Amino acid sequence: MEIGNQAVSRRQLLRGASILGMGAGLTGLLAACGIAAEEGSTGGTAKSGGTLTLAIDGTSAVNDPAFYTTLGDWMVVDCICRGLTFISYDSVEPSPDLAESWTVSEDGLVYTFKLRQGVTFHDGTTFTSADVIASYDRQFNDKNATLPEGSSRPLRSVGQNLKEMTAPDPNTFVMTLLKPDRTLLGRLSDIGARIISKAALEKHGKDIGKNLVGTGPFKFASATSGQNVTLTAFDGFRLGKPPIDRLVLQQVTDPSTIVSSLLSGDVSATQFTPYSSLGQLQSDESVTVYDTPKSFDAFVMMDVRRIPELEVRKAINLAIDRQALIAQAFFGAAVLPDGYTIPPGQDAHDPSLADLSKTDVEEAKRLIQAAGATGRTVRMMAASDSWHPKAAQIIAQNLTDIGLKVETDSVDPAAYFNRLLAPDDKFHDLMIWERNGYYPDADDMIGSLARPSGVYGDFVSGFNTLEGSEAYNDKLFEAKNITDTAARKARYSEIQREWAEKYMTLSMLVNAANPVVSGANVKNMNWKALGSHRTYMENASV
């Protein structure tokens, strides 16, 4: 329904009617507008109150846009803080959030953001351009005093292209780039670009992750490492107080517990549903299983400092039985990675790249023998949750079958990311991991994985030590700025093929879905976003 050229949701109508004293007869109004009353609602009134519990992979109780430990910790950041732009996942186009609007100079270098006025942080301070400067400086400046040790700073690649950022007045923020970047608005919707209260940063410094203050729909209440994080609805959220009173993100690592908790109602929703239980859950009326897009890359990263021969890395790629992974690790909730690192559904997905992920055991054996690597021991690590342990088991057998010896290590999810960042780790030869696009664009997939100055290209794989790797910074930057969709896709395909054939630091396993399941009583949850680990619960009710 549109009123005054603005789309109005059923919940907004209900709230507005309550304020204006229009409760009587509202159901008839909604029916006339073609909007059905929610199932289970009484007298046309939307449900409110209660606690929604999300099962997460883990929590270190440190929730900081510049510091990554677990997906659960970043999900908390997503709930507490908002950014200048927003991507809903119903659309992949960035829309205004804390920025009311923006203009871009003709040369594509100067972005001027008009900030929303009257937005309040959870600590009572008013949102201004000073908060944006303070939040971004800790992403761009490795000497920022509020950064905790080990900060990953996911927005730092934006900072590498930043000439300056200024705040001409409290309601205006300006970014001046060195080179045009058409993905900037999308990147500013990412978790790393979320805005923190400057006052809170000054008060808590490096401990901001234990005391995070944003403008989002939920505010921090309490956290216990290895257990849970509790958030409460923020009355002052600019889009209105969320229907639920509390949001609890509960660490649940045992797959059977996730399933039993979903069925009992102890867990309201999760995207960490064990793949083996999807069939059971689909037949149970007490839960809803969503058709989550296959949006993430599952892969093996190879450290070229440990496995220097290209032939051996190619052999490892050829040895992997991806059909077995689909059947046994993902129980059918995955597909072959025919577009290499770009999953189905994205504009740059190209099935002509399917041969980069083919299985050819005999050729793999030949390459191992030619490299003189028969009998060599390789070490592999994987997180101990979800699909990772079964994938490690299958891949270890695949590599044994081509003549390698394999030692494996299963790692607690809360500790795994730090292990990936430690090249001296004993098990750093091969690392089973995944890439979820925090904004849905090829630049957040291949653009992150193949960039030599990024986490994957530097700490994880050592790609940046190989001859010619530095050129990929420019190649990827050029590709993301191509405006024509077909030409952009073609350029990304060229880059992926060259990167795989020349270096093979990453062996794609599958493209998979993060299977979202909720209790049948959960309504208006943004499950499309949750399928990419983005956590927008401001409209959800239980």
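This is a predicted model: local features need pLDDT of at least 70, side-chain atom pairs count only at pLDDT 80 or more; totals for chains, interfaces and linings use all residues.
Q: Why is Met504 called buried?
A: The relative accessible area of Met504 is 4%. The term buried applies under 20%, so Met504 is buried.

Q: What makes Arg153 count as buried?
A: Arg153 has a relative accessibility of 11%. Because the cut-off for buried is under 20%, Arg153 counts as buried. Its place is in the loop between α4 (129-140) and α5, and its phi is near 45°, a positive value in a residue other than glycine.

Q: How do you know that the span of helix α18 agrees with its number of residues?
A: Helix α18 has 18 residues, 485-502, and at 1.5 Å a residue these should span 26 Å. The C-alpha atoms at its ends lie 26 Å apart, so the two values agree.

Q: Which residues of α18 are buried?
A: They are Arg488, Tyr492, Ser493, Ile495, Gln496, Trp499 and Ala500.

Q: Which elements do the buried residues of α18 pack against?
A: They pack against α15 (446-449), α17 (471-480) and β20 (506-512).

Q: What makes Asp484 a cap at the N-terminal end of α18?
A: A side-chain oxygen of Asp484 lies 3.3 Å from the backbone nitrogen of Ala486.

Q: How many cavities of 30 Å³ or more does a search of the whole structure find?
A: The search finds three. The largest cavity holds about 440 Å³ of space.

Q: Which residues lie nearest the centre of the largest cavity, and which element gives the most to its lining?
A: Of the 24 lining residues, Trp74, Pro154, Arg435, Val455 and Tyr456 lie nearest the centre. Two or more lining residues come from each of α3 (71-80), α5 (156-159) and β19 (430-436). The most comes from β19, with four residues.

Technical notes: Residues are numbered from 1 along each chain as its sequence is written. Side-chain values use heavy atoms; hydrogens and water are left out. The expected span of a helix is 1.5 Å times one less than its number of residues. Buried means under 20% relative accessible area, exposed over 50%, partly exposed in between (1.4 Å probe, protein chains only). Contact means heavy atoms within 4.5 Å. A polar contact is a pair of N or O atoms within 3.5 Å; within protein, one must be able to donate a hydrogen and the other to accept it, and residues adjacent in sequence count only if both atoms are side-chain atoms. On a 1 Å grid over the protein atoms alone, a cavity is a set of points where a 1.4 Å probe fits but cannot get out, and a pocket is an open set with protein on both sides within 12 Å along at least five of seven lines; lining residues have an atom within 4 Å of a point. Grid points are joined across faces, edges and corners, and a volume is the space filled by probe spheres set on the points.
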